[in-house]
Structure formats: structure tokens, C-alpha cells
Amino acid sequence: MGRVHVLNHPLIQHKLTYIRDKNTGTKEFRELVDEVAALMAYEITRDMPLREVEVETPLAKAKCQVLAGKKLGLVPILRAGLGMVDGILKLIPAAKVGHLGMYRDPETLEAVKYYSKMPPDIGERELIVIDPMLATGGSAAAGISVLKEMGAKQIKLMCLIAAQAGIDRVQKEHDDVDIYVAAVDPVLNEKSYIIPGLGDAGDRLFGTK
Ligand code: PRP
Ligand code: URA
């Protein structure tokens, strides 16, 4: 079973509070999402493998460590996942980025794929699927299925806020995927929005409402 990691670092929790606040405007919302994404990337990369190298300091030789060069890929789910990409790339600038367009049909609430463009070697990469909201889990679960059909083998899921229903669905359909979230909220409303959540992540990021 994939594990659920709740990243409750004080800086993440502090910034998430202002992200939730309806009085936070588009500019500040975007900046905060970017900052939290970077902080979450710091936590999510804790298990990245290292290898030993030798460098010369001005005084002596030193055995040190660098990243072992594991290939990473970020896969934001459009649109809202885009808001977290730059923050993560600040810490992992060499990661390749694939884009996956999914929308929730407002009637059926099922996720529909409308776009995908991946790096050619996704089967060799550790992928981090990014979406601020994990509500019913439909978009993330369907997105992960698309990636597996394209050959992906190692996938992590990173979200700002998850509802337990979304976590359950992803775990049921993809028991090999670890989930990283800043908060787990109690319920979904009748339109499957996360309560209390933060509202519509895409609209708040892009000012479309
Ligand atoms: C939002 C959000 C997730 C999805 C979560 O996207 O960014 O992708 O809903 O809901 P689910 O877990 O029930 O699938 P939306 O479909 O509103 O598209 P957008 O990002 O283009 O606004
Ligand atoms: N999508 C959002 O943007 N917010 C929610 O609460 C649920 C789905």
C-alpha cells in the first residue's frame, strides 16, 4: 500500500493558511503556492540517492556527496498543477516536465483527458504528479493510469490539500503510489469541492472567476 505523508512543517502550514484565506488575492495566492511547492519538494526529495565524490577544498581533499543523478520528471495536471511547477524546479532544476490535461466533467465528475505531452523516457524517470487538489481522486487516479499506460513505473503524487475520499481512491487504484500532502481535509461538498479546502484552485491561480 502506498503511504500518505502529511508534510506538517511549520512554514508549509503557515503559508497554507493564507492560501486557504478567501481574502488572499491572485498575485499573493500564486506566490504562496509557489513557495509551498518548493518547501514540499524539499521534503519529497528526502530519499533521493546520493553518491560519493571527491573535491579539493582550498585546504584539503574531501569526500563528499552529490545526487546520484536519478532522472526525475514532474507531471502537473492542468491547469492547477502548473502553479506548483516553478517552485519545485527551483530546487530540482534538471527535472523534465510533462503536461497532462485533465478536467472534471461537472455533470459526471469523472476525469477526462484532453492533452498529454511527456518526456520520451518516462519509463526511466521517477515521476512526481502534481495537483493542488485531491478531491474525489478521479483526476489523479485517471492521470496516473494514463502515465502507467505510457510506461511510467515509479510515481509519487504531490497535492496541497487532499480529502480522505481522494486518498482512498488513489490508494485503491494505485497501491504503489506514495501520496504527499500539506493537509487532509474532512469532507467534500455536494459539488465535490473539498471543505474547508481553498476553493477552486485553477480559478484562484489564474483569476478566472
Ligand atoms: C481540479 C483540481 C484537480 C481536480 C480535483 O481541477 O486541480 O485536478 O479538480 O478533483 P478530483 O480529485 O475530484 O478529480 P479541475 O477539473 O477543476 O480543472 P482546472 O485545473 O482546469 O481548473
Ligand atoms: N478542485 C478544486 O479546485 N477545488 C476543490 O475543492 C475540488 C476540486
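Mentor: Rings of Phe, Tyr and Trp pair if their centres lie within 6.5 Å; planes under 30 degrees apart count as stacked, over 60 as edge-to-face and the rest as tilted. Please bear in mind that the model is predicted.

Trainee: How is the pair of Tyr103 and Tyr114 classed?

Mentor: The two ring centres of Tyr103 and Tyr114 are 6.0 Å apart, and the angle between the planes is 40°. Tyr103 belongs to strand E6 (residues 99–104) and Tyr114 to strand E7 (residues 111–117), eleven residues apart, so the pair links distant parts of the chain. Because planes under 30 degrees apart count as stacked and those over 60 as edge-to-face, the class of this pair is tilted.

Trainee: Which elements give two or more residues to the shell around ligand 1?

Mentor: Ligand 1 sits in the largest pocket. The elements that give two or more residues to its shell are E6, strand E9 (133–134) and helix H4 (138–149).

Trainee: Of the 14 residues around ligand 1, which come nearest?

Mentor: By class, the shell of ligand 1 holds six nonpolar, five polar and three charged residues. Those that come nearest to ligand 1 are Arg104, Asp131, Thr136, Gly137 and Ser139.

Trainee: What is the omega of the peptide bond that joins Leu78 and Arg79?

Mentor: Arg79, whose side chain contacts ligand 1, lies in the loop between strand E4 (72–78) and helix H3 (85–91). Most peptide bonds are trans. The bond from Leu78 to Arg79 is cis, with an omega of about -5°.

Trainee: Where does ligand 2 sit?

Mentor: The residues around ligand 2 are Arg104, Met133, Ala135, Ser192, Tyr193, Ile194, Gly199, Asp200 and Ala201. Five of this shell are nonpolar, two polar and two charged. The site of ligand 2 is the largest pocket.

Trainee: What share of ligand 2 does the protein bury?

Mentor: Backbone atoms make polar contacts with ligand 2: an oxygen atom of the ligand is 2.7 Å from Ile194, a nitrogen atom is 2.8 Å from Gly199, and an oxygen atom is 2.8 Å from Ala201. Taken alone, ligand 2 exposes 240 Å², of which the protein buries 88%.

Trainee: What is the phi of Ser192?

Mentor: Ser192, one of the residues around ligand 2, is found in the loop between strand E12 (187–188) and E13. Most residues other than glycine have a negative phi. Ser192 is not a glycine, yet its phi is positive, at about 60°.

Trainee: Where does Pro196 lie?

Mentor: The peptide bond from Ile195 to Pro196 is cis, with omega near 0°. Pro196 itself lies in the loop between strand E13 (194–195) and helix H6 (201–206).

Conventions: Residues numbered from 1 in each chain as written. Chains lettered and ligands numbered in written order. Predicted model: local features only at pLDDT ≥ 70, side-chain atom pairs only at ≥ 80, totals over all residues. Heavy atoms only, no water. Near = heavy atom within 4 Å. Polar contact = N/O pair within 3.5 Å; in protein donor to acceptor, adjacent residues only side chain to side chain. Areas by Shrake-Rupley, 256 points an atom, 1.4 Å probe, with all protein chains shown as cover. 1 Å grid on protein atoms, 1.4 Å probe; cavity = no way out; pocket = protein on both sides within 12 Å on 5 of 7 lines; lining within 4 Å. Sits in = over half its atoms within 2 Å of the grid points. Nonpolar A, V, L, I, M, F, W, Y, C, P; charged D, E, K, R; others polar. Helix = DSSP H or I, 4+ residues; strand = E, 2+ residues; numbered from the N terminus.
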